[in-house]
Amino acid sequence: MNVFYEESGSFKVATIKAENPGSLQVETASGKRTKIKTSNVLLNFDDAIDDFMGLAQAEADALDTDFLWECSEENEFGFEDLAKAYYGDKPSNIQLAATAIKVHAAPVYFYRKGKGRYKAAPEETLKLALAAVEKKRLQAVQMAEWVEQLNNKQLPDGFADKADHLIYQPDKNSLEWKAIEEAAASSGRLALTVMADAGLISSAHDYHLGAFLREMFAEGTNFPEYADLVGQLENVIDHLPISDAEAFSIDDATTNEIDDAFSLVDLPNGNKRVGIHIAAPALAITQGSDLDAIVLYRLSTVYMPGNKITMLPESVVRPFSLDEGEIKPALSLYCEVAPDFSIVANETKIERIKVKQNLRHDSLEPFFNVETLATDSGHPLWADLKFLHEFAESLEKARGKDDPNRAPQIDYNFYVVDGIVSIVARERGSPMDKLVAELMIYANSTWGGLLKEGERTGIYRAQTGGKVFMTTEATPHQGMGLAQYAWCTSPLRRAVDLVNQRQLIALLNQQEAPYSKDGDALKIIIRDFDQTYQSYSDFQTRMERFWCLQYLIQEQLTELTATVWRENLVRIDGMFFITKVPSLPELKVGTKVSLEIKHIDTLLMELNCKFKQIIAEAEREVLVNEDLINEVESE
């Protein structure tokens, strides 16, 4: 005796070898013996089992599912009942098995109610289900077409309209995204690469920028329209005295938000008066105003090679920026400096300052560098610059940070014009860098102390126990050797500086402080600023890495030199770019090596290099300084 039975959702046949209560020992046509439950048996028959399933499946394939459904009863039924309704009163064993196979394979038409038992789907439900099946079939056809197009690096119709969501916030259940994932899986690529290859991502640069803008500037980077501030500003500054000093600034050629400038005046007593002049937007950007809301939303200017997103609109920056040839409002710190560079007295004023010149790094460097400090270079301001540099050195020594044996550190400036990047190395600590940095540090420390003495709260940068943090307390900054350090010198570019400037102006005018000690406003600003500023910094680093890779592609380099940073990490020469080289042998930190470029991917930010040879052994084992963030602001 043979049996036709169901097991794990499929149908099988076998010959009975032994019967037990509730179970059978059977042998399949291949000779395999197994144990099955008696309840799983749907049909007993004497026909040969060798070709039984083949004949039953062939018969099932010939059956019309729609006609079977029409022949079925409304109530629950067994497959034998349906076979009789379809074939007649005495269907063959093959026909019975075929009916079971066909009905079981059509769950849309027939709901399963038990072993061999079913119930026909209601007509309306069946229509909806069949429509869904057809829709699914058409989607599968569509998706297969899209996958083929994507694997041929072609962009399917309609994808461009959904580019933003597909790239940055895909609906994982959408047919388009499933096609992208299928194309990625079938071609061995990443989904991001699939989209780029098909042209959905226009460029790697736009992808990285778009990701940042979507996260940090979801409503766009354009500013709302503001009334002209010039008229308002005149009412605020008309009463301010005009300084007798003439100031000059020192900035990179790309800087157009000029926050700071300097002046130097000889005094009758033989001393000199050093002026540190900071743009004063806090005179007109009042707390709680619409502009203030923008400041507290953006919190800082965002920098990236070849571009920036300013904290303030250009129409607001211009009236305050210390531009050449103009008279602008400023918060000025005057230091009376003796010939030995000791500071006799400090005075802070709210005034207007004449800006004589905006000096730029590239044009000033040939006249003001380490070599020209000893002899007049011929620059009209050489003597003033030399004195201010010596004063800056004195300030550095006073805070215990002068180190003549300090290894030189190189900064890299990026200049991007029409997609072409140049990377220019500048040694940090050059005379002009030190002049600006030390005078800014002194102003920030002095004004932080002034707020403390005036019992006005402010926002400070502090460092204790090696940890740098922001606080409303005038806490020491041990790393800089300062009793306190408050950011005050970049109010056009940082919200913290603008907030501190408001507190200083109120103190000087003997007015109530905009931010009280007992309120939470400054703590909220600190929290938001910390998070946002770090995001901006991470983005700037990411874009600098992008342009480093783009530079390698642009210059068509196949080899490069690098310095071992640690383990299998190297720092590429001529730029600050650290990458892993898996083939790098164990070498001392500082060893110079030659590398072969195997692959560059600006989208995935990958540089794949192979070790070639050692160029120069490290002279000595050096320690890597991993704290690459200088507390001195980049002026």
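These legends describe close-up views of aromatic rings and their contacts in a predicted model. Local features need pLDDT of at least 70 and side-chain atom pairs count only at pLDDT 80 or more, while totals for chains, interfaces and linings use all residues. Residues are numbered from 1 along each chain as its sequence is written, and side-chain values use heavy atoms, with hydrogens and water left out.

**View 1. Phe212 and Phe539 form a stacked aromatic pair.** The whole structure holds 21 aromatic pairs (ring centres of Phe, Tyr or the six-membered ring of Trp within 6.5 Å; stacked means planes under 30 degrees apart, edge-to-face over 60, tilted the rest). Here the centres are 3.9 Å apart, with 10° between the planes. Phe212 sits in helix 9 (residues 204–216) and Phe539 in helix 17 (residues 521–554), 327 residues apart. Helices are DSSP runs of H or I, at least four residues, numbered from the N terminus. Phe212 is buried, at 5% relative accessible area (buried is under 20%, exposed over 50%, partly exposed in between; 1.4 Å probe, protein chains only). Phe539 is buried too, at 5%.

**View 2. Phe217 stacks with Tyr536.** Phe217 lies in the loop between helix 9 and helix 10 (229–237), and Tyr536 in helix 17, 319 residues away. Both residues are buried.

**View 3. Ring pairs build a cluster.** Its members are Phe212, Phe217, Tyr297, Tyr536 and Phe539.

**View 4. Lys272 places its charged end over the ring of Phe387.** The distance to the ring centre is 5.4 Å. The criterion is NZ of Lys or CZ of Arg within 6 Å of the ring centre and within 35 degrees of the ring normal.

**View 5. Arg545 lies over the face of Phe577.** The distance to the ring centre is 3.9 Å.

Note on methods:
Helices (H or I, at least four residues) and strands (E, at least two) are DSSP runs, numbered from the N terminus.
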